Amino acid sequence: MPSGHTCARGACAAEPSDVGDFDPKSYWEERLEGTYSLGGVGWLGLGEPFNRWMYRVRRRVFARTVRNAASELRDARVLDVGVGTGFYVERWHELGVRDVSGIDLTDVAVAELSGRYPHDRFEQADITDGTGNLPAGEFDAISIMDVLFHVVDDDRYARAIANLHSLLRPGGVLILTENLLHGDWHRGEHQVSRDAGWILGLLDKTGFEVLTRRPLFVLMNTPVDSRSRLLKGWWWLLMNVMARARWIGGAVGAAVYPAETALTAILREGPTTEIVAARKRLA
């Protein structure tokens, strides 16, 4: 994860966001045009072989979370926000959903996925600006995976949560991933890791009830919410190995994968990115 200046707990919520000249649409448009693959939407510095193992973990954790949070999915109306290469569109279909819509900042993602999934609906839209042509209050479930921590402006972040809430029907479920810190915020040019209390408080204030919260990763992502020297040392070693020989990422990912799947199933909180399921309150 990008490093940046830190903010005292809760302070950043009341201070203007330092977003500079970052243009997220241009950034992701260029990135996906250059590498339209899991490696392109994943962590570029770790290489595609390791990223593929990370996405195997995401697949298992996402399926488990959705099954626990939602009941009958076959007739559900689902939206994926930040569709990218369509990884979670495919996951929803695997879970039996037939009606999937998607939005993305980039034209390249919308064009690619409209051709790949002709029976689904995709449009270019920014959830921090509005809801585009999407119908309000009609979705049974929305996923927004590895997107929100890339919203560097706090006011736009709050608008995104409000817009997601407006799209769900009462009782609908939001599935999101976030870095829920227990300490100082970490701000980078393209990413912000925020305090858990601020994020969960915003969900509550907007009208969501948190159903589940579990680790998305434990060993396979930066331990941004841990003071463990062992975990930080492991990650330092992993990053140095990948920097010298990214091809080894496939072997490292395969070796760590069994432990990662077990830990994400057992632990209730993790040292890095977590997955959250929240229900829109009925009233």
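This tour goes through a predicted model, starting with its sheet and moving on to selected salt bridges.

Begin by selecting the seven strands that form an open sheet of mixed pairing, which are ordered S4-S3-S2-S5-S6-S11-S10. Strand S4 (121-124) and strand S10 (208-215) stand at the edges, and because each has a single partner strand, one side of each is left without a neighbour in the sheet. Looking from one strand to the next, you will find a twist that averages 15 degrees.

Next select residues 77-81 and 99-104, which are strands S2 and S3; they run parallel and are joined by five bridges, including the one in which Asp-80 has Gly-102 of S3 as its partner.

Now turn to the side chains, where a search of the whole structure finds 16 salt bridges. Select Glu-138 and Arg-77, whose closest N and O atoms are 2.5 Å apart; Glu-138 lies in the loop between S4 and strand S5 (139-144), while Arg-77 is in strand S2, 61 residues apart.

In helix H4 (residues 87-94), select Arg-91 and Glu-94, three residues apart, which form a salt bridge. Arg-91 is buried at 5% relative accessible area, whereas Glu-94, at 43%, counts as partly exposed.

Finish with Arg-213 and Glu-269, a salt bridge with closest N and O atoms 3.1 Å apart. Arg-213 lies in strand S10 and Glu-269 in the loop between helix H9 (249-266) and strand S11 (274-280), so the pair ties together parts that are 56 residues apart in sequence.

Terms used. Residues are numbered from 1 along each chain as its sequence is written. This is a predicted model: local features need pLDDT of at least 70, side-chain atom pairs count only at pLDDT 80 or more; totals for chains, interfaces and linings use all residues. Side-chain values use heavy atoms; hydrogens and water are left out. Two strands pair if DSSP finds at least two bridges between them. Helices (H or I, at least four residues) and strands (E, at least two) are DSSP runs, numbered from the N terminus. Axes are lines fitted to C-alpha atoms, for helices over the stretch in contact, and angles run from 0 to 180 degrees between N-to-C directions. A salt bridge is a side-chain nitrogen of Lys or Arg within 4 Å of a carboxyl oxygen of Asp or Glu. Buried means under 20% relative accessible area, exposed over 50%, partly exposed in between (1.4 Å probe, protein chains only).
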